[in-house]
Amino acid sequence: MTATVSDQAQQFLASCRTTIDAELERLIPQTAESPERVHAAIRWSVFAGGKRFRPALLIAVGQAFAAPLDHLLRTACAFEMIHTYSLIHDDLPSMDDDDLRRGRATCHVQFDEATAILAGDALQALAFQTIAEDENLPPELRVQLLAELARASGTPEGMVAGQALDLEAESREVTSSEVSRIHSRKTGALIYTAARAGALISGASEPELLAITAFGINLGLLFQITDDLLDVTATADELGKTPGKDARSKKATFPSVYGIEATRQTIQAVHRTTCAELQKISRPTQLLESIADFILNREA
Ligand code: GRG
């Protein structure tokens with residue numbers, strides 16, 4: 001990877017974060033509005049400095065297909081709301097029981113468990129409301145996006161399924177195909193659906209949508225395997241969350257099944273496949289390639 005390519009993704013992610021945060025600020029109820037405690041909890045978790053990777057990916061795909069930003073922005077924010085809800089609930093004592101997220105106290109630690117559950121529930125509802133009420137998009141496209149986001153969030157193909165399979169697999173030996181099944185649902189579904197949503201909003205053709213889906217699936221896998229590796233190799237300061245938790249909870253991860261060296265090799269191979277999928281698209285995909293490079297080299 002050249003410094004130029006890395007810079008391109010980093011600059012894009014940084015400028016996207018500003019745009020996305022400004023729109024989230026408008027969409028999320030103010031703390032001063034009742035019920036204040038739930039609104040404060042939502043804001044605590046949303047505005048805690050996440051990378052905004054999923055909404056930025058949606059916008060990057062949409063812009064590669066020449067969609068205007070105002071057609072992409074609200075759906076992008078909806079993906080971030082679902083993602084943040086999942087982090088709040090994942091950190092709860094009955095799930096991963098964590099006290100550090102995005103470099104600060106988790107929602108249930110800062111507030112209380114009931115408030116954190118409600119904050120997550122409210123963010124999930126607000127995500128669907130945001131798309132349903134997006135007047136920049138025709139109604140039939142809104143319905144299509146709602147169905148895609150619901151499928152990626154729920155079960156049997158989405159994030160809830162991945163989380164359930166992950167919890168069920170804790171503290172026992174898992175096969176490599178089980179790890180893939182868990183990862184593709186728990187992390188992959190929201191990532192590849194964000195890429196698909198960008199293409200759908202842009203009116204991409206069916207072959208283009210298929211290529212973007214394959215790109216998104218591989219990018220999601222790359223994201224999760226690098227996440228698994230960082231859990232073993234990075235510090236709490238770098239991650240903004242507790243490292244080493246996967247091993248302590250005997251989680252199904254790539255390093256636990258394949259070992260660290262094979263995991264590093266898999267990361268390189270998945271990165272090559274991710275970029276190869278972009279060759280099938282006759283659009284300006286350099287930014288998407290640089291995002292894949294950014295994930296390959298990420299340190300948090
Ligand atoms: C509770 C239904 C439910 C699902 C939870 C997201 C999730 C499923 C679990 C989180 C556990 C985890 C650490 C998964 C690894 C991949 C992942 C989602 C990492 C966090 O995403 P980032 O790195 O976080 O994009 P930021 O804070 O930058 O947004």
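Between which two helices is the loop that holds Arg-52 found? Arg-52 sits in the loop between helix 2 and helix 3 (53–64), where helices (H or I, at least four residues) and strands (E, at least two) are DSSP runs numbered from the N terminus. The model is a predicted one, in which local features need pLDDT of at least 70 and side-chain atom pairs count only at pLDDT 80 or more, while totals for chains, interfaces and linings use all residues. Residues are numbered from 1 along each chain as its sequence is written, and side-chain values use heavy atoms, with hydrogens and water left out.

Arg-52 has a positive phi of about 60 degrees although it is not a glycine. Arg-52 is also buried, with a relative accessible area of 2%; buried means under 20% relative accessible area, exposed over 50%, and partly exposed in between, with a 1.4 Å probe and protein chains only. Ala-66, in the loop between helix 3 and helix 4, likewise has a positive phi, of about 70 degrees, without being a glycine, but Ala-66 is exposed, with a relative accessible area of 63%. Most residues other than glycine have a negative phi, and most peptide bonds are trans.

The backbone also contains cis peptide bonds. One runs from Ser-34 to Pro-35, with omega near 0 degrees, and Pro-35 lies in the loop between helix 1 (3–27) and helix 2 (36–46). Another joins Thr-155 and Pro-156, with omega about 15 degrees, and Pro-156 belongs to the loop between helix 7 and helix 8.

That loop between helix 7 (139–153) and helix 8 also holds Gly-158, which is buried, with a relative accessible area of 0%. Leaving aside residues up to four places away in sequence, Gly-158 touches Arg-151, Ala-152, Ser-153, Arg-185 and Ala-189, where contact means heavy atoms within 4.5 Å. Gly-158 and Gly-188 are 30 residues apart in sequence, and their C-alpha atoms are 8.4 Å apart in space.

The next topic is the ligand. The ligand is surrounded by 18 residues, of which Lys-51, Arg-54, His-83, Ser-86 and Arg-102 are the closest; a residue is near a molecule or strand if one of its heavy atoms lies within 4 Å of it. An N or O atom in the side chain of Lys-51 is 2.5 Å from an oxygen atom of the ligand, and the corresponding distance for the side chain of Arg-102 is 2.7 Å. For His-83, a polar side-chain atom lies 2.8 Å from an oxygen atom of the ligand. The protein covers 92% of the 700 Å² of accessible area that the ligand has on its own, the areas coming from the Shrake-Rupley method with a 1.4 Å probe and, for residues, with only the protein chains shown counting as cover.

Two or more residues of the shell around the ligand come from each of helix 4 (69–90), helix 8 (159–169), helix 9 (176–201) and helix 10 (206–233), and helix 4 gives the largest share, five residues. By type, the shell divides into four nonpolar, seven polar and seven charged residues; Ala, Val, Leu, Ile, Met, Phe, Trp, Tyr, Cys and Pro count as nonpolar, Asp, Glu, Lys and Arg as charged, and the others, Gly among them, as polar.

Thr-106 is in the loop between strand 2 (104–105) and helix 5 (107–110) and is buried, with a relative accessible area of 1%. A polar atom of the Thr-106 side chain lies 2.8 Å from the backbone oxygen of Asp-98.

Not counting residues up to four places away in sequence, Ile-212 touches residues including Val-61, Phe-65, Ile-281 and Leu-288. Leu-288 is among the buried residues of helix 15, and nine of the 11 residues of helix 15 (residues 286–296) are buried, so this helix is largely enclosed by the rest of the structure.

Technical notes. A polar contact is a pair of N or O atoms within 3.5 Å; within protein, one must be able to donate a hydrogen and the other to accept it, and residues adjacent in sequence count only if both atoms are side-chain atoms.
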